[in-house]
Amino acid sequence: QARVHPQRVHQAARDRLADRMSTYGVLFRVTTFGESHGIGVGCIVDGVPANLDLTEADVQPQLTRRRPGQSSIVTPRNEGDIVTILSGTENGKTLGTPIAMMVHNQNQKKFDYANTVQAPRPGHADYTYQVKYGTRASSGGGRASARETIGRVAAGAVAEKWLEQEFNCKVVCWVNSVMDIDIPRDVQVELENNPPNRDFIDNEGALAEDDKCDYFVDRHGQKYSRTDGAPLGAAGEGDLKFADGKLIYTRCPHAPTAAKMAARIHELRRKEDSTGGVCTCVVTGVPVGLGEPCFDKLEAELAKGMMSLPATKGFEVGEGFNAGRMLGSANNDLFEAGGDGLLKCKTNHAGGTLGGISSGENLVMRVAIKPASSISQDQETVTFDGQAHTLSVKGRHDPCVLPRAPPLLEGMAAITVMDACMRQRARSGGPLKTLAQAAKEEERAAKCARLA
């Protein structure tokens, strides 16, 4: 009987692992590359159908929303994050071949990390990368840096273009909480049931500030304390006008809550500390039938995608952990006719999936993000060889990454849903259907019956 040498088996396993560790997806495949302080970062996207309209103008808006240096509550690292499509398109249309996209790093300051050579930064991946690989990127976190997500955001923009064209499927995400500051529950429910577009999220959560003023102003002309975000009433004659101030983008679509968040983040910057929070992501217009039980259930794939993002620490769908506190009679989503042979739900406690398969209702998910690990306070830790060490992390860091997080979550949601669509279409051999499309078909059939 032939025997396979164990070393060959181990090598084959290593080859399979190496093939997957920077690639996500089955039919729509995204591979990211680059380090935070290297020449650049980007992605290679395979599986994009031919003849999809696509230029840099379709990708750039999302990269601009995630870029550093946007306002006083995020890192001041000044990167333009201008994307270039290197391959896979011609005359503004996809060729059906791999699409490569790249963003050059322009504002590296490697010397900011000189004092981290001896000691791993607490909360960062310096230690685990060193143990796993026997080496690590010496500045900025390398592949563990949030700069890696530029490739995901770019690929997600491509996926969004296809999803909207095929199904009018849209993805939107907003900041739901920062530390212990939450959007009021009734507002949360309304946002999840009727999600706003990105322009509303960006503008409603924007605040104007000026160093000479002790208050913020929202776009409606309401003032809030810069100390704690408390409402101060309408801006008067001679007060700062929204159009005249420096804008802060919180991406929290509830101005009174956004003001409290901005004030807290300012306070933490002064204290050289950081905090985290929770983002909500909603996908509308999802085709029915996505997801591959048992191990590739749709919410399992979404959880994998979201939890692969830097700093993510929790994931839930629909009622999530709150479902453990509910009665079945309250948690069950009752059915009603949805048109063209489909059913729809009267409520959406499940968050858009049943048995790991999309029901056609909105996909509603929340992702918890930890406090940024890089803080300027001295930290009593140890060196790589275990010797006591006082570490001071210099450089330009976010006191809270939440305002820049929505494009990351939107990108991963779009990538996951597009891959699931392509897998289901390959399985069924026919077109996929959304609840909105089914309702239109039902209406068209009824109209034809009346005219007959």
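Tutor: Arginine 66 and aspartate 81 form a salt bridge, their closest N and O atoms lying 3.2 Å apart; the term denotes a side-chain nitrogen of Lys or Arg within 4 Å of a carboxyl oxygen of Asp or Glu. This pair links distant parts of the chain, since arginine 66 belongs to helix H2 (residues 56–66) and aspartate 81 to the loop between H2 and strand S4 (83–87), 15 residues apart. Helices (H or I, at least four residues) and strands (E, at least two) are DSSP runs, numbered from the N terminus.

The model is predicted: local features need pLDDT of at least 70, side-chain atom pairs count only at pLDDT 80 or more, and totals for chains, interfaces and linings use all residues. Residues are numbered from 1 along each chain as its sequence is written, and side-chain values use heavy atoms, with hydrogens and water left out.

Aspartate 81 also meets arginine 147 in a salt bridge (3.0 Å, N to O). Here the partners are 66 residues apart, arginine 147 being in the loop between helix H3 (126–133) and helix H4 (149–167). Aspartate 81 is buried, at a relative accessible area of 0%, and arginine 147 is buried at 5%; buried means under 20% relative accessible area, exposed over 50%, and partly exposed in between (1.4 Å probe, protein chains only).

A further salt bridge joins aspartate 180 and arginine 264 (2.8 Å, N to O). Aspartate 180 is exposed, at 54%, whereas arginine 264 is partly exposed, at 21%.
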